[in-house]
Amino acid sequence: MVLQDINQALQRGDVNGVKQGVQEALDNNLEPRQILVDGLLSAMEVIGVKFKNNEVFVPEVLIAARAMNAGMELLKPKLVETGVKPIGNVVLGTVKGDLHDIGKNLVRMMFEGVGLTVFDLGVDVSAEKFVEAIQEHDPEIVGLSALLTTTMGEMKKVIQAIEDAGLRDKVRIMVGGAPVTSKFAQEIGADLYAKDAAEASFEAKKLVQ
Amino acid sequence: MKILIRSNHREQEVPFRPGETVFNALIRSRVPMDSYCGGKGTCGKCKVYWVQEAREVLACQLPAEDGMIIETTTSQDVQVLASSIEKTFNLNPIVAAHSGAWGVAVDIGTTTMVGYLLDLQTGQELAVTSMANPQRVYGADVISRIAYTQENPGGVEELQKILVQALNGIITNLCDVGQIRKDNIKAMTIAGNTVILHTLLGVSAVSIANAPFEPIFSHGQTLAAKELGIEMAEEGSIFTLPCVSGYVGADIIGGLLVCDLEKEDSYGLLIDIGTNGEIVLGNKRQMIACSTAAGPAFEGAKISSGMAGVRGAIASFSLRDGARVYETIGGAAPLGICGSGLMDIMAELLAHGFIDSTGAFAASDGLAPWQREMLTTVNGMPAFVVVPGTDITFTQRDVREVQLAKGAIRAGVFTLLKEGQIAPAQIGTVFLAGGFGNFVDVHSACVVGLIPEELEERVVRIGNGAGLGAKLCLLDKTEFDRGIELKKRIQYIELSTRADFQELFMDAMFF
Ligand code: B12
């Protein structure tokens, strides 16, 4: 069955396989929503679980995510047409002073892998930029990434700025990155900490549902 | 208010300030402590034993209380690299020398420091001494130390003071061994990374920790010994070698003075592996350099059974006819695995198909019975039993840590190759510097892919290149000038702003 093929192709990171599968499914008049959920997202979930268990690692997740993006390009117009909405919005970025983005990219991919729309602000993002993006995109979740012990403190500043802008009650703030701990997350007043991208996406999904 | 510290069968009373943690109290009293995170509670290395409560706790999470009895078990001093390859030079000392004039060359590493005492008139080396860098207690890597100065007023001065004290300690040792007086030391040359040189001069290095990572100074500095409080001749001078950038420091310039890349037609590659990997690629026509963050995995940190290269560490490992063969430092009973052992284990597991090219442990039905017997599970994940009957294992998680570290270094190498538009095979010589570079088995490093595999036959170890470079500068001032020229010639490549780095890093993580 074609959804099964898409699922398998995505897990292998086979870009062409996913594209062909999605096209075939659309040609067969399968529902776009079903293609998304049973073809793409369920495969990303498998990858996420394997990643969490260390069975696969960062490169495989990126390769799989690339395949998912290829499929999404074909699928997106149809999803919009049929009125399928993302399950929620996320504003995500690496804080000021820090240029590490691979972990953050992985988090974005896993978020997209559970059906969230992510506004990725990139790296070296100032507190003001986060605030502006929240005002613009009205996300349910804000994700902050920091990989340096010297930039972890910047997360606190971002949370403060969100509070000062009167937006703190509108968003749930999630933090992560190698040196960040759940204790640190609590101390700076974040709502959630996740130690890896898979966990982050499970938690995010729970939050918006 | 005091706590009582017991370590290695010695007792010592340590005062503390109200509200202070045990960790901070110990640091202020200069009690050696292991820490990678500088007291943030994240690395788990500052574990101590609280005698009254009979339990292990992290010193940095433990508020000090009057009368506490604390046992520490800090590892013995790490193996230090003092000897390097031989290098010829013209005797033309950096300061005018008469008979009875001596000089000291120092390499201040992040973890250890080495000092050499040299006769400026004859060039003869009289003594060598080494010690742990006392700044270690503020964090294993330089970033954690900068974080300390960010959070603690007076931290910059504290880091400077402790380093100057250590340099004076080195001078005292050298003078003892060489049987000379301190005021006969007329000059001192110093190599070290950019952050360390900032701390030595009492300059905040915060700007190096945050994008765009600009140092406050990178030129070689000449200072009066008096100004820094270094105990040597009144009129004595101190020279620091120049740095290339915030993360390619004077230690690398020192190494380059040893390997002469810029004099050759064929390309040479200098790789200095520590928590950061600094890499320089060059020949007569071009010189390019980058710094890539490997993390402390090669020093045993973040590895489940990892440890520093001290007594009891498994330093080499192989599988012969289905049997494990290993050696430990000092021939002691095995306690864990250090960097060189780690690379050997990784290489053997790859060579024997325990681990596939993605870094995953092979499914057990693909393995021979003797191989299956060597595996176990740790936290539900496969692991290789390194020493049967102990909990020294090499886990799936550990493989992932190795992949990040070796991926970062390899991606740095390949970024430079790409930038210079040259193929690996065009490289004539690979110079390996630094402690890890000196102890790691070259074959293993090539199997794992830390060094491009086709270059295995072309690897030369230069040992402590930074220290040798500092010596050259002390004895021949044209070498010091050459260092300044090198600084000007080298084009620095910042990896963190390159769009293609992620792709190269992903490729480099596979085996
Ligand atoms: C790759 C790497 C780099 C690359 C970065 C490339 C890029 N575009 O990102 C390069 C080589 C450019 C680099 C540069 C530097 N690096 Co670097 N780098 C690393 C390395 C090796 C791996 C990081 C990584 O990508 N991991 C893989 C990803 C997938 O994991 P992750 O980032 O942890 O993310 C996961 C989780 O943390 C979580 N997560 C991440 N973000 C978020 C966000 C949210 C909201 C949530 C919920 C979860 C979450 O999910 C992710 C996936 O599971 C680490 C060492 C290590 N072994 O970790 C050092 C390391 C982070 N770097 C370090 C340093 C010091 C630097 C430099 C400052 C100095 C230098 N030249 O070495 C520079 C400057 C860059 C800067 N300041 O931004 C240090 C930090 C030390 C410290 N005490 O803070 C480390 C720890 C190495 C070390 N010990 O020296 N680095």
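## The shell around the ligand

Several elements each supply at least two residues of the shell around the ligand: from chain A, helix H5 (102-113), strand E3 (141-145), strand E4 (172-176) and helix H9 (197-208), and from chain B, helix H2 (142-151), strand E14 (287-293), helix H10 (396-420) and helix H15 (501-509). H5(A) gives the most, with four residues. Keep in mind as you read on that this is a predicted model.

Because residues from chains A and B surround the ligand, the site is shared between chains. If you like to think in residue classes, the shell has 25 nonpolar, 14 polar and seven charged residues.

## Closest residues and polar contacts

Of the 46 residues around the ligand, the ones that come nearest are A:Leu99, A:His100, A:Ser145, A:Thr149 and B:Asn276. Two of these names return here: a polar backbone atom of A:Leu99 is 2.5 Å from an oxygen atom of the ligand, and a nitrogen atom of the ligand lies 2.9 Å from a polar side-chain atom of A:His100.

Chain B takes part as well, with an N or O atom in the side chain of B:Asp141 placed 3.2 Å from a ligand nitrogen atom.

## A covered strand in chain B

Now for a look at strand pairing. Strand E21 (residues 427-433) of chain B is mostly covered, with five of its seven residues buried. E21(B) runs parallel to strand E12 (residues 267-273) of chain B, and six bridges join the two. Here B:Tyr267 has B:Ile427 as its bridge partner.

E21(B) also runs parallel to strand E22 (residues 459-463) of chain B, joined by four bridges. In this pairing, B:Val430 stands opposite B:Val459 of E22(B).

Technical notes. Residues numbered from 1 in each chain as written. Chains lettered and ligands numbered in written order. Predicted model: local features only at pLDDT ≥ 70, side-chain atom pairs only at ≥ 80, totals over all residues. Heavy atoms only, no water. Buried < 20%, exposed > 50% of the residue type's maximum accessible area, 1.4 Å probe, protein only. Pairing = 2+ DSSP bridges. Near = heavy atom within 4 Å. Polar contact = N/O pair within 3.5 Å; in protein donor to acceptor, adjacent residues only side chain to side chain. Nonpolar A, V, L, I, M, F, W, Y, C, P; charged D, E, K, R; others polar.
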